[in-house]
Amino acid sequence: MKVPFKIVKLTRELTESVLLNPIEPHRHDHEELIIITHGKPLHFLDFTKNILQSPVIVYVAQGKVHNFIPDSETQGWVIRYKNELVPNSRFHFYSNFLDQINYQLSEDYCSSTLQSLCEIMLKEYQEEPVNYQVIKHLLSALLTKLEADSKKEYLNNAASNHSQIVTFN
C-alpha cells in the first residue's frame with residue numbers, strides 16, 4: 001500500500017462486485033480492520049474459516065494470509081492502515097500472541113459511535129490533499145474506544161460473550 005491509510009465503505013454494490021470477481025487469499029503489507037455491520041460473510045485467516053456474525057470487527061495483522069467472502073447482505077467498512085500511523089495499537093500488540101482477533105459489537109454501538117467515526121474518516125480521506133494527521137487521530141479514537149469498551153465489558157463479566165480471541169495451537 002503506497003498511502004498510509006485507506007477506508008472503503010462496504011456497500012451492496014461493492015459486495016456484489018466481489019461476489020462476481022472473488023479475491024484470492026492474500027497478504028497485506030499493512031493492518032486491516034474489517035467492520036461488518038450487516039450480513040454473515042466468510043473470513044479465512046491463515047486458512048481457518050470463520051462465519052462472521054454481524055456486527056463484528058475483524059483485525060487482520062500485516063502479513064497474515066486471509067480471504068474475505070461477503071454474502072449478499074454484507075455491509076460495513078474496510079480500513080487499511082500502515083502500522084506506523086498508529087504504532088501503539090493494542091490490536092497490533094496482541095497480534096504478536098494471538099492467531100485472530102474478532103471483536104463482537106452491540107447493534108447500537110454500530111449504528112452510532114462506530115458509524116460516525118467511519119463516516120468522518122471517509123470524508124477526511126476524500127479531501128484533497130488528505131490530512132493524514134487528522135485521520136491518525138480519528139483512527140486512534142476508534143481503536144481507543146474499542147479498547148475502552150472491551151475493558152468495560154470485561155469488568156462487567158460480559159467479555160466472553162462479545163470478544164473472540166484465538167490463541168496459537
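Author: Take Ile-79. Leaving out residues up to four places away in sequence, Ile-79 touches Phe-5, Lys-6, Ile-7, Glu-31, Glu-32, Leu-33, Ile-35, Cys-118, Met-121 and Leu-139. Contact here means heavy atoms within 4.5 Å.

A word on the source. This is a predicted model, where local features need pLDDT of at least 70, side-chain atom pairs count only at pLDDT 80 or more, and totals for chains, interfaces and linings use all residues. Residues are numbered from 1 along each chain as its sequence is written, and side-chain values use heavy atoms, with hydrogens and water left out.

Now step back to the core. The largest nonpolar core has 26 residues. Ile-79, Leu-139 and Leu-142 have the most contacts inside it. Such a core is a set of buried Ala, Val, Leu, Ile, Met, Phe, Trp, Tyr and Cys residues joined through side-chain atoms within 4.5 Å. Buried means under 20% relative accessible area, with a 1.4 Å probe and protein chains only.

Which elements supply this core? Two or more residues each come from strands S1 (5–10), S2 (31–38), S5 (56–60), S7 (75–81) and S8 (98–104), and from helices H3 (107–126) and H4 (132–155). Helices (H or I, at least four residues) and strands (E, at least two) are DSSP runs, numbered from the N terminus. H4 gives the largest share, six residues.

There is also a second, separate core. This one has 10 residues, among them Leu-10, Ile-34, Val-60 and Val-78. In soluble globular proteins, nonpolar side chains tend to be buried together.

How values were computed. Buried means under 20% relative accessible area, exposed over 50%, partly exposed in between (1.4 Å probe, protein chains only).
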